[in-house]
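Please look at the sequence and the structure below, and keep both at hand while reading the explanation.

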Amino acid sequence: MAPKARTVGIKPKAQTFKDKSKPTDVRLSNIQAAKAVSDAIRTSLGPRGMDKMIQAANGEVSITNDGATILKQMNVLHPAAKMLVELSRAQDVEAGDGTTSVVVIAGALLEACEKLLQKGLHPTAISDSFQRCSNKAVEILTQMSTPVEITDRETLIKSASTSLNSKVVSQQSSLLAPIAVDAVLKVTEPGRESSVDLKNIKVIQSLGGTVEDTELINGLVFTSRSSGTNAPKRIEKAKIGLIQFCISAPKTDMDHNVIVSDYAAMDRVLKEERSYILNIVKQIKKAGCNVLLVQKSILRDAVSDLAQHFLDKIKCLVVKDVEREDIEFVCKTLHCRPIASLDHFTAENLSSADLVEEVASGTNKFVKITGIQNQGRTVSIICRGSNKLVLEEAARSLHDALCVVRCLVKKRAQIVGGGAPEIEMALQLAAAAQTVDGVDAYCYRAYADALEVIPSTLAENAGLNPIATVTELRNRHAQGERNAGINVRKGAITDIFAENVVQPLLVSISAITLATETIRSILKIDDIVNTFS
């Protein structure tokens, strides 16, 4: 019998970092996924960009070309692609406009990264170099910008109009832009321009009419009609009270049953209820209140039918079910405090206004309060539209215009649009690439080429020849024409500043900075780890 073969115990070599292909594959997968998101909304860029129809799971349909809105409703699964959705949201918070541009720039930078990685450049080297490019790009943008005075209303309107030109409601930009400018200037506190809060501008959507019927109300608007059939619908020299208690029979906090065995007991219950409500109404009349705003209650009716009957008798206009989250806005506008108990319902706790009336707007009726004494820095806008899709897009477009004006108030400088800043940055970064050596030279060149995606996409979406247009634009900028940009209406390269196509400096700086940060984050990832929790 042959002897058994002896097995010698050979210690296996460490496998750590032997497989170099995995980090490369993960990086490539992340770049491809993020580029797919960028390509999905690239066609929406610019005044001639296409719109997207978004169908939600519940059957709701919306039409928009706002990058942040499209990405927010897209069902994105890949974690790297989700980073671009977050990028668009961050741009929306920071600047409010340029949400499509920032994702398109990010997509182009990722493509540049892919080519640099294939050349064998290390991700960290690319990441650091891109950060230097971003800082240089911000310097170039700042040099290109022209200062803006907050008192220069015409310049603010031009910037707001540019943001509206790429929207569905671009035809109405001459109406919506001044509304946006006036609204932001109204809520801006002198000395605190950097903290303009758009929550002080209430945009109310009203179906019916056209976008041209959109109006700015220097006062307060309630979307619900006044309650009561015999109550007055118009009150001049109004005394307004905002209450947080209910004018109806009290109830216990828990469910209960009261068994009434005879008519006398029932009569006594009704009599008590009547005297309780009558006491409240008498106190309201004694204070001289003729307009009553009642906060919505979750326990019981804010105003019962019996209370409404008494309030009609004393000629008091009642707006009930004021939402809890609207209380702060109402208090700020009326310059008052909500009254929490009947003991505090006195004349000095009431607000005064010249006129309170119920007005019809489209298919709805609103209660409008104007001429408020000591009015806070708030304003209301009634946005109109012929159908739900147009109305929602008009409200979104108006929000973008408000954000643009807020950007100009925060950072008082503007630059031209039409792809001019991107080409100028590309030219100067390409020139800077000649002055640096090593890896930086490649990265500067790639970054510069990537920025040309904006003018190229603008030309493509406008039906122009992208290569010929961008070449001519580059040539004009090389000759020193800093304001030369793509005029999509004329289909040519013109002085875009003379065409009033301008945008806030903050929008462009934010787009470049945020896009570069996101690309650096994606580059640094070399593995995706799933957890059990």
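The model is a predicted one, and the part considered here is an open sheet of 3 strands in the order S3-S13-S16, with antiparallel pairing. S3 and S16 stand at the edges, and because each has a single partner strand, one side of each is left without a neighbour in the sheet. Against this sheet packs helix H16, which touches S13 and S16 and whose direction makes about 65° with that of S16.

The pairing can be followed strand by strand. Strand S3, residues 146–147, is joined to S13 by 2 bridges, the two strands running antiparallel, and within S13 the bridge partner of Thr146 is Gln414. On to S16, residues 502–504, S13 is joined by 3 bridges, again in an antiparallel arrangement, with Val416 standing opposite Val502 of S16.

The side chains of S13, which covers residues 413–416, divide between two directions: Ala413 and Ile415 point one way, whereas Gln414 and Val416 point the other way, and all of these residues are buried. Here buried stands for under 20% relative accessible area.

Helix H16 comprises residues 505–523, and its length can be checked against its residue count: at 1.5 Å a residue, its 19 residues should span 27 Å, and since the C-alpha atoms at its ends are 27 Å apart, the expectation and the model agree. The helix is also mostly covered, with 15 of its 19 residues buried. As a general point, an α-helix has 3.6 residues a turn, so residues three or four places apart point the same way.

Terms used: Residues are numbered from 1 along each chain as its sequence is written. This is a predicted model: local features need pLDDT of at least 70, side-chain atom pairs count only at pLDDT 80 or more; totals for chains, interfaces and linings use all residues. Side-chain values use heavy atoms; hydrogens and water are left out. Helices (H or I, at least four residues) and strands (E, at least two) are DSSP runs, numbered from the N terminus. The expected span of a helix is 1.5 Å times one less than its number of residues. Buried means under 20% relative accessible area, exposed over 50%, partly exposed in between (1.4 Å probe, protein chains only). Two strands pair if DSSP finds at least two bridges between them. Contact means heavy atoms within 4.5 Å. Axes are lines fitted to C-alpha atoms, for helices over the stretch in contact, and angles run from 0 to 180 degrees between N-to-C directions.
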